[in-house]
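Subject: Structure handover

Hello,

My notes on it follow below.

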Amino acid sequence: MTAILAILRESWLSLRAEKLFKVVMGLNILVIVGFASIGFDKTGVTIFFGLSHIESEFVFAGSPLARTLYMGIYSAFIVNIWLAWAASILALVSTSSIFPSFLSQGAVELVLSRPTRRSTIFLVKYCGGLLFVMLQVSVFTVGAFFAAGWRVGEWDPAIFLAIPLITLFYSYLFCINALAGILTRSTLVALLVTLLFWFSTFGIRTADDILTRFTLMFEARVERLEKQVGNLQLEVKTAEADGDDVATKDAEHWLIEPEDDLALAKQGVAQLAPWKTVIGGVRAITPETARTIGLLHRALERDSDTTLQQLLSGDAFRDDDESPRDLNDEQIADQELAKREENISPWLIIGKSLIFEVVILGIAMMIFRRRDY
Amino acid sequence: MTVDPGQIFCLLGPNGAGKSTLVKILMTVIHPSQLSGTMLGQPVGHKPTLRQVGYLPEHHRFPPFMTAEQALHFYGALSGMRRPARLRRIAETLELVGMADWRKHKVGTFSKGMQQRVGLAQALLHDPKLLLLDEPTDGVDPVGRREIRDLLHHLRSEGRTILVNSHILAELESICDQLAVVVKGKVALEGTFEDLTASRRRWELSWRGAEITWPDYDVQIDGEIRRVTLPGASPEDTQPLIDRIRNEGGVIMSVTEIRESLEDLFMRALELAGDAHGHAPGAVQGKKS
């Protein structure tokens, strides 16, 4: 235990000595002050502590949509863009040197020549690297918690879920960083490999989402066209039964285009299927970076009748008795996709990502343990 | 190779001979491909034994953002020391290496010599029975070197066993009780300095006045002064000659014991191993010994 605490303390001292740590902390505070500067009055939204004002008949102080907008800004913009992208890149730049400098000649001997096991040293050092993000996000979420309480009276402890979720998200990348750092002992290579991996997961996820969306779109089209074709075939049969040649020919004429479209839609589903299998298979073994962050949205929107997406798309302002719009294939696919996303179990998202992390860490630890320095 | 307790054992060898590799193996930094041996009664590689071993690596690097005190806390804790013990020993060891006034300063600001002293302090921190020092005087000024030599004698007097790995033979000569010369990963010579140099020891007599010649010895004449060199380690061997010089009216000017230096011994070991140029494969490949 003494050794574990010592390694964690060394990590803390190392982070404290990093200029970037202080810079990111400063930027975090700046972002949270910006977040806190958004407020609501009786007539709409105020920005920069009242310097700017946007009038709104729906979003004003005390309205449920104010809460949706404010928490939506936090989860969709501040967490998604700042914490999950900008701050994470800065964190990677800062922590990429942890393993290479630890393994540099003259430094590693001083640590490995102790009675502490190599595996313990590796794991605690790894956790020490995650401290960077954990501390940054902790400070950030405390600020966000008070800002939300002050601005929309939302004292929601779910905001603090950002700490484990962002740390978890970062750990998926940091395990690759650790592996590359141990393999190459180069800070630059470790950073580049991690960024490459991150962008690859982004690419795979985007490709899979696009393929799924198109597949769902084609499936919706097939379903719609099958109904249409069925109805038209019924019309043809009825006309034939009536012995009305003109009506039969007319119905047959109207059947041609939907049948062609149906064949094309079925062909589309069939063409996408192998790609979907491959990309889906690759995605299945890569960590779910975006979905892990997405769990925060779920938590923050759990009791809300309206989502930020509905607010921004205008759906939130439709009257309940207004008849639902006819959805086209794209919209049906989007809805289905969103529903599927919502139904994915958090345990599955975190579990499979953690399995990936454990495997990568296992490889990194095995190399670290067996290597001569 | 055996290192007796309470001795200063010097490990010599050319670059790439395997000296540092051996020390790293003992400290579990390197996994041996083939090894049999014990350290402090336990098989080499037994991690808990390392609590009783202090190690100063060659070209060691402390985290530059730490103060001397923080660095020692860190390494002491890794060796399993509790905080009260660390507090006490940090003060003692920094005092011992002459760095007590620098305890609150960042290691990154230290000169090479100062870092070496802090390195010695971390090796001594957990009160080890055995010390493995790889180039302990590397980068240290002459005064510092002398202080380190004195420190090693002091540590030996406390009963600690010390294994020193160094290139600077002149320094080792004055401190080592036992030594081994390693060439290409094998021990070429091993023993006490006395034993290893005994066969090469001789005495040189110089006198003035008596014109004596001996058929067995080559007498050199330098003006009024005559010199003769007598092989043998014992001073008793010189007494008959001294008596004869005096009996014949000669004046003894000097009786000097000529010993083989550590450098001579080192070169002899290389010759024995067939590596007089000191180029081991590792050195050719750029590896450090």
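Start with B:L179. Beyond its neighbours within four places in sequence, B:L179 is in contact with B:F9, B:C10, B:L12, B:L189, B:E190, B:G191, B:F193, B:L196, B:L262 and B:L265. Contact here means heavy atoms within 4.5 Å.

Two conventions before the rest. This is a predicted model, with local features needing pLDDT of at least 70, side-chain atom pairs counting only at pLDDT 80 or more, and totals for chains, interfaces and linings using all residues. Residues are numbered from 1 along each chain as its sequence is written, chains are lettered from A and ligands numbered from 1 in the order in which they are written, and side-chain values use heavy atoms, with hydrogens and water left out.

**Cores**

The largest nonpolar core has 158 residues. B:L179 and A:Y74 have the most contacts inside it. A second, separate core has 12 residues, among them A:L211, A:V236, A:A251 and A:L272. A nonpolar core is a set of buried Ala, Val, Leu, Ile, Met, Phe, Trp, Tyr and Cys residues joined through side-chain atoms within 4.5 Å. Buried means under 20% relative accessible area, exposed over 50%, partly exposed in between (1.4 Å probe, protein chains only).

**A buried threonine**

A:T289 lies in helix α10 (residues 289–300) of chain A. Helices (H or I, at least four residues) and strands (E, at least two) are DSSP runs, numbered from the N terminus. A:T289 counts as buried because its relative accessibility is 3%. Sequence neighbours within four places aside, A:T289 is in contact with A:F169, A:Y172, A:T201 and A:R205.

**Sheet in chain A**

An open sheet of 3 strands runs in the order β1-β2-β3, with antiparallel pairing. β1 (39–41) and β3 (52–55) each have a single partner strand, so one side of each has no neighbour in the sheet. β2 (residues 44–47) pairs with β3 over 4 bridges. Pairing requires at least two DSSP bridges between two strands. A:T46 has A:H53 in β3 as its bridge partner.

**Interface**

How many residues of chain A are in contact with chain B? There are 29, and they meet 32 residues of chain B. The two chains bury about 2,600 Å² between them, 59% of it on carbon and sulfur atoms. Buried area is the accessible area (1.4 Å probe) that two parts lose on being put together, summed over both. On the chain A side, A:L110, A:R114 and A:P115 lose the most area to chain B, together 26% of what that side buries.

The rule finds 1 salt bridge across this interface. A salt bridge is a side-chain nitrogen of Lys or Arg within 4 Å of a carboxyl oxygen of Asp or Glu. The side chains of B:K24 and A:E109 form a salt bridge at 3.4 Å, N to O.

Best wishes
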